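Please consider the structure shown below. The paragraphs that follow lead through its salt bridges, its aromatic pairs and one of its pockets.

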Amino acid sequence: MRKFYTVLYLAIILSCMAACGKNDTQAQTPGRQAELSTIESSSQSDSLSNSKNADESSVAMDSTKTADETMSENIIVDGSENVAESMEDAREAESVKETGRNETDTAETDIQNNMEENKVANMNVQVGDVVFSATLEENEAVSELVEMMREGPVVIQMSDYSGFEKVGSLGIRLPASNSQTTTQAGDIVLYNGNQIVIFYGSNSWSYTRLGHIDDLTGWEDALGSGDVTVIFSLE
């Protein structure tokens, strides 16, 4: 009898254990399904998030690329504009320089032309009734003498000196450029800044040369041995 109860007790215990095991299995199954659902949801969320991030990254990369391209285009345009402006400035500077050169050349040409126009190579030297032609030197004294003759003939009363020259006062001083000179017949010189001397002989002294008689035919006879009136004028 005692064995019967023991076996019955064991059967009840086994039956209870079997029922508990089944319940545990059923309880665990929904849990695992929930976990699987949660994992799948998380995976889908991660996938969607990764996809969204990828799209955003792609958009950001496209924006960056567009910005870089725009900056490059702007740099190229700005560089081209700067080069064009530099070339234009260089052309303007060259034009200004060329204009300055042309103006300088024109001014120099005008000055040269004026000098050529104002340059006088010869003058008349009248002694009594005889007129002689004289070739002029190129110096400041001659230039001022020419200016005097432009205003009218220069008349000088000249006296004989030492039997080789005639000398007379000009009345004003001319810029002298004296040098030791040995004169010959026909020479015309400036002495002491305000004396005109004409020679029919020779002498050595410090003079400023003014000119020389081209043709000495009748020169000494015209001067004679006494005082004479000499008229200097432009041809």
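Lysine 166 is buried, because its relative accessible area is 0%; buried means under 20% relative accessible area, exposed over 50%, and partly exposed in between, with a 1.4 Å probe and protein chains only. Its partner in a salt bridge is aspartate 160, with the closest N and O atoms 3.0 Å apart. The term salt bridge denotes a side-chain nitrogen of Lys or Arg within 4 Å of a carboxyl oxygen of Asp or Glu. Aspartate 160 has a relative accessibility of 25% and therefore counts as partly exposed. The model is a predicted one, in which local features need pLDDT of at least 70 and side-chain atom pairs count only at pLDDT 80 or more, while totals for chains, interfaces and linings use all residues. Residues are numbered from 1 along each chain as its sequence is written, and side-chain values use heavy atoms, with hydrogens and water left out.

The structure holds three salt bridges. Another of them joins arginine 209 and aspartate 187, at 3.4 Å from N to O. This pair links distant parts of the chain, since arginine 209 belongs to strand β8 and aspartate 187 to strand β6, 22 residues apart; helices (H or I, at least four residues) and strands (E, at least two) are DSSP runs, numbered from the N terminus. Aspartate 187 is buried at 4% relative accessibility, whereas arginine 209 is partly exposed at 31%. Glutamate 147 and arginine 150 also form a salt bridge, their closest N and O atoms being 3.5 Å apart. Both residues lie in helix α2 (residues 140-151), three residues apart, or about one turn of the helix. Glutamate 147 is partly exposed at 44% relative accessibility, and arginine 150 is partly exposed at 38%.

Attention now turns to the aromatic rings. A pair of aromatic rings is described by the distance of the centres and the angle of the planes. Rings of Phe, Tyr and Trp (its six-membered ring) pair if their centres lie within 6.5 Å; planes under 30 degrees apart count as stacked, over 60 as edge-to-face and the rest as tilted. By this rule there are five aromatic pairs. Phenylalanine 132 and tryptophan 219 have ring centres 5.1 Å apart and planes at 90°, so this pair is edge-to-face. The two residues come from distant parts of the chain, phenylalanine 132 from strand β2 (residues 130-136) and tryptophan 219 from helix α3 (residues 219-223), 87 residues apart. Phenylalanine 132 is buried at 5% relative accessible area, and tryptophan 219 is buried at 2%.

The rings of phenylalanine 164 and phenylalanine 199 have centres 6.4 Å apart and planes at 5°, so they are stacked. Phenylalanine 164 is in the loop between β3 (154-161) and β4, and phenylalanine 199 is in strand β7, so the pair ties together parts 35 residues apart in sequence.

Which residues line the second largest pocket? They are Tyr161, Phe164, Glu165, Val167, Tyr191, Gln195, Val197, Asn203, Trp205 and Tyr207. The elements that give two or more residues to this lining are β4 (165-169), β7 (195-199) and β8 (204-213). A pocket is an open set of points, on a 1 Å grid over the protein atoms alone, where a 1.4 Å probe fits, with protein on both sides within 12 Å along at least five of seven lines; lining residues have an atom within 4 Å of a point.
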